[in-house]
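Please keep the sequence and the structure in view while reading.

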Amino acid sequence: MRGLRLIAVALTVVGFASACTAANLLINGDFEAIDAKKLPENWAAHSWSPQATVAATTRPGSPGGGRYFELSLGNPNSLYGCFSRAVDVSELRPKRVMLSFRYQTTCERAQAMVVGFKDDFMVKQWETRPLFDEARPMLAYRNWTTQTWQAEVLPGTKQLVVVFQLLSQGTLKIDNVVMRPVPDEIVCENLEIGRVVGLPTLRQVTCRVANHSRKSFDMKVGVRPTINDKPQ
């Protein structure tokens, strides 16, 4: 390496910044608040197949002792489901969100989705063009089971909507739906790069490493200098 030397720093990072437990971004994710039709407040049932035979209601007897949301579709090759009230994440700007829920279904083709929008979804709802969507299949289980996964959130996302869909005939029961932002466990921030500490060729890099989890990590920070965008 000619003309420039950088100090490479090796660090051991201990869990010095404990993560705060983020609140559920969804309103009424346990479906306990219902309206006069026994449908959950801040959630809506929706058919993407207008001629399909469908039904939606809430019933008591979920695993936690409260109510659950039940959706039924009587037609094959149709699309029916429910979706949450849009969640504004323009200030949070998460890179990822974690979706967790309990369910049971007789449907062989069901899925959960996180859909992101850059425009206000509540104005035109499903006429709004999505910025992205990420879906995961929900396998048929006759007993209650838990599914948890993380979805990437694209830059520019202002609102998120959680969707559950039946893609063929069957019944879907849902409860305890939680969506939380997922911070990076380790974040490294550059404070200064290339400060002269020894003439003529010695430079220093300083960075701040933050641990947002309760875990301990052994971390090595390596420095690779470049001149005119070419590694040296």
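## Salt bridges

A search of the whole structure finds two salt bridges, a salt bridge being a side-chain nitrogen of Lys or Arg within 4 Å of a carboxyl oxygen of Asp or Glu. The structure is a predicted model, in which local features need pLDDT of at least 70 and side-chain atom pairs count only at pLDDT 80 or more, while totals for chains, interfaces and linings use all residues. Residues are numbered from 1 along each chain as its sequence is written, and side-chain values use heavy atoms, with hydrogens and water left out.

Strands (E, at least two residues) and helices (H or I, at least four) are DSSP runs, numbered from the N terminus. Glu-70 counts as buried because its relative accessibility is 13%, whereas Arg-59, at 38%, is partly exposed. Here buried means under 20% relative accessible area, exposed means over 50%, and partly exposed lies in between (1.4 Å probe, protein chains only). In the other salt bridge, the side chains of Arg-136 and Glu-134 meet at 3.0 Å, N to O. Arg-136 is partly exposed, with a relative accessible area of 30%, and Glu-134 is buried, with a value of 19%.

## Strand β9 and its partners

Glu-134 also takes part in strand pairing: in β10, Glu-134 is the bridge partner of Val-114. Strands β9 and β10 (residues 132-138) run antiparallel and are joined by seven bridges; two strands pair if DSSP finds at least two bridges between them. Strand β9 also pairs with β12 (residues 159-166), again in the antiparallel sense, over eight bridges. Within that pairing, Gly-116 has Leu-160 of β12 as its bridge partner.

Why is strand β9 described as largely enclosed by the rest of the structure? Eight of the eight residues of this strand (residues 110-117) are buried, so β9 is largely enclosed. In a regular strand the side chains alternate between the two faces of the sheet. In β9, Ala-110, Ala-112, Val-114 and Gly-116 point one way, Gln-111, Met-113, Val-115 and Phe-117 point the other way, and all are buried.

## Aromatic pairs

The count of aromatic pairs comes to 13. Rings of Phe, Tyr and Trp (its six-membered ring) pair if their centres lie within 6.5 Å; planes under 30 degrees apart count as stacked, over 60 as edge-to-face and the rest as tilted. The rings of Phe-83 and Phe-121 have centres 5.7 Å apart and planes at 85°, so this pair is edge-to-face. Because Phe-83 lies in strand β6 (residues 80-84) and Phe-121 in helix α1 (residues 121-124), the pair ties together parts that are 38 residues apart in sequence. Both Phe-83 and Phe-121 are buried.

Phe-83 also pairs with Trp-126: their ring centres are 5.4 Å apart and their planes stand at 90°, so this pair too is edge-to-face. Trp-126 is in the loop between α1 and β10, so its pairing with Phe-83 in β6 ties together parts that are 43 residues apart in sequence. Phe-83 has a relative accessibility of 4%, while Trp-126, at 26%, is partly exposed. Elsewhere, Phe-31, Trp-43, Phe-69, Phe-101, Tyr-103, Tyr-141 and Phe-164 form one aromatic cluster.

## A buried loop residue

Val-89 is found in the loop between β7 (87-88) and β8 (96-105). With a relative accessible area of 0%, Val-89 is buried. Not counting residues up to four places away in sequence, Val-89 touches Leu-25, Pro-94, Thr-157, Lys-158, Gln-159 and Leu-160, where contact means heavy atoms within 4.5 Å. Val-89 and Gly-156 are 67 residues apart in sequence and 9.8 Å apart in space, C-alpha to C-alpha.

## Cysteines

The structure holds zero disulfides, a disulfide being a pair of cysteine sulfur atoms within 2.5 Å. Cys-82 counts as buried at 0% relative accessibility, and Cys-107 is likewise buried at 0%.

## Confidence of the model

The protein averages a pLDDT of 84, and 79% of the residues score at least 70; pLDDT is the predictor's confidence in each residue, from 0 to 100. Over residues 1-21 pLDDT stays under 50, and for these residues the model has 58 contacts beyond four places in sequence. Where pLDDT is low, the predicted coordinates should not be read in detail.
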